[in-house]
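Here are my notes on the model you sent. They cover charged pairs, aromatic rings and strand pairing, in that order.

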Amino acid sequence: MAVSRFVALAVAAAIGLGLAGTATTSAAADDLRIAAQPFPLYAPLFVAKQKKWLDEELAKVTPNAAVKWSLFPAGPPINESFAAGQQDVGFVGDTPALVGKAAGLDTSAIALTSDGPKSLAVVVGGDSPIASPKELKGRKVAVTKGSYAHHLLALVLEQGGLTLSDVELINLPVAEIPPAIVAGTIDAGAVWEPILTRFESQKAVRVLADGTGIKKGLLLIVADNGFLKNRPEQAKALLTAYKRASEFITANPKEAAELISGDVNLAPDLLVQVLRRMNYDPAIHDDDVAEVKKTEGFMRAHGLIKTAVDVDAFFNRKPADEAGLK
């Protein structure tokens, strides 16, 4: 699919799903443009923002540059923003990262943002009688199509001897899934943090199955290849700040939760629970590449991408190596 056609489809999807992003102001040539999602899955980014560590690292390499932020509620509209030439770096799940690459985006995965098998789950109502994946057969099950939870849903159904064809699949933005379960318009859905913890803490939903043992819940930092070629020192600065922030979260989860609660729209007492279940080490390891290969195979098998992605080539470890990530 040509990038221009991808842009049109992505724009239509964003409008249809209510996924319009928060646009950045116009950026100078050396400004670092970041597309992010206001979720604790990307917590080190917001710690680095609040602590001014990202600004500090950027100033060392391009003193007059600023960080330009765009916030989106999911990965698919971030792809559209990349396709329109509006971003240098993006924070997305493995599935939307592959969708964008397969559609023609000139991007590379340069690091992980986080992983956490318990950070994404298939949930049912708090009082639902559904007790196992096999009981989802014929039920209305929602997912944000093209999200990394889409793959989780397929894996959970597989545990029950089912496929995606055995359920009535409903495409919904993740924030609308728990309310739809509570309202009784759907029976189950695949969600991720902070939606998961927020509604589970209210006992509005119950986890039927999470990613434990079947999906690590990888999220990636992707970058435009032109940016990596022309401003590699900025990519290194970003990863250096991210690593510093990830180490801060590990050592100070409560302080980190207080610091970024507003950025991710989750109360500190709930946020600290999420932070403690996540691994924020941004270094790329061989088993991470293998995990993304499994995701790519699933996506081709289910028609989410039409063009195969060379996952080994998609990962560019040079920025992480230069930033000293191990």
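1. A salt bridge here is a side-chain nitrogen of Lys or Arg within 4 Å of a carboxyl oxygen of Asp or Glu. Glutamate 296 makes such a bridge with arginine 300, with 2.7 Å between the closest N and O atoms. Both residues belong to helix H13 and are four residues apart, about one turn of the helix. Helices (H or I, at least four residues) and strands (E, at least two) are DSSP runs, numbered from the N terminus.

2. This is a predicted model, in which local features need pLDDT of at least 70 and side-chain atom pairs count only at pLDDT 80 or more, while totals for chains, interfaces and linings use all residues. Residues are numbered from 1 along each chain as its sequence is written, and side-chain values use heavy atoms, with hydrogens and water left out.

3. On accessibility, buried means under 20% relative accessible area, exposed over 50%, and partly exposed in between (1.4 Å probe, protein chains only). Glutamate 296 is therefore buried, at 5%, whereas arginine 300 is partly exposed, at 41%.

4. The count of salt bridges comes to 16. One of them joins lysine 215 and aspartate 94, at 3.2 Å from N to O. Lysine 215 is in the loop between strand E9 (205–210) and strand E10 (219–224) and aspartate 94 is in helix H5 (residues 94–102), so this bridge ties together parts that are 121 residues apart in sequence. Lysine 215 is buried, with a relative accessible area of 2%, and aspartate 94 is buried too, at 0%.

5. Aspartate 312 and lysine 293 also form a salt bridge, with their closest N and O atoms 2.9 Å apart. Aspartate 312 is partly exposed, at 48%, as is lysine 293, at 38%. Elsewhere, salt bridges with shared partners join Arg33, Asp88 and Arg231 into one network.

6. How many aromatic pairs does the structure hold? There are five. Rings of Phe, Tyr and Trp (its six-membered ring) pair if their centres lie within 6.5 Å; planes under 30 degrees apart count as stacked, over 60 as edge-to-face and the rest as tilted. Tyrosine 42 and phenylalanine 91 make an edge-to-face pair, 6.2 Å centre to centre with 90° between the planes. Tyrosine 42 is in the loop between strand E1 (32–36) and helix H2 (43–50), and phenylalanine 91 is in strand E3 (residues 89–93), 49 residues apart. Tyrosine 42 is buried at 1% relative accessibility, and phenylalanine 91 is buried at 0%.

7. The rings of phenylalanine 314 and phenylalanine 315 have centres 6.3 Å apart and planes at 65°, so this pair is edge-to-face. Both of these phenylalanines are buried. Ring pairs also link Tyr42, Phe91 and Tyr242 into a cluster.

8. The charged end of lysine 49 sits over the ring of tryptophan 69, 4.8 Å from the ring centre. The criterion is NZ of Lys or CZ of Arg within 6 Å of the ring centre and within 35 degrees of the ring normal.

9. Strand E3 is largely enclosed by the rest of the structure, because five of its five residues are buried. Two strands pair if DSSP finds at least two bridges between them. E1 and E3 run parallel and are joined by two bridges; isoleucine 34 has valine 89 in E3 as its bridge partner. E3 and E10 run antiparallel, with five bridges, and glycine 90 stands opposite valine 222 in E10.
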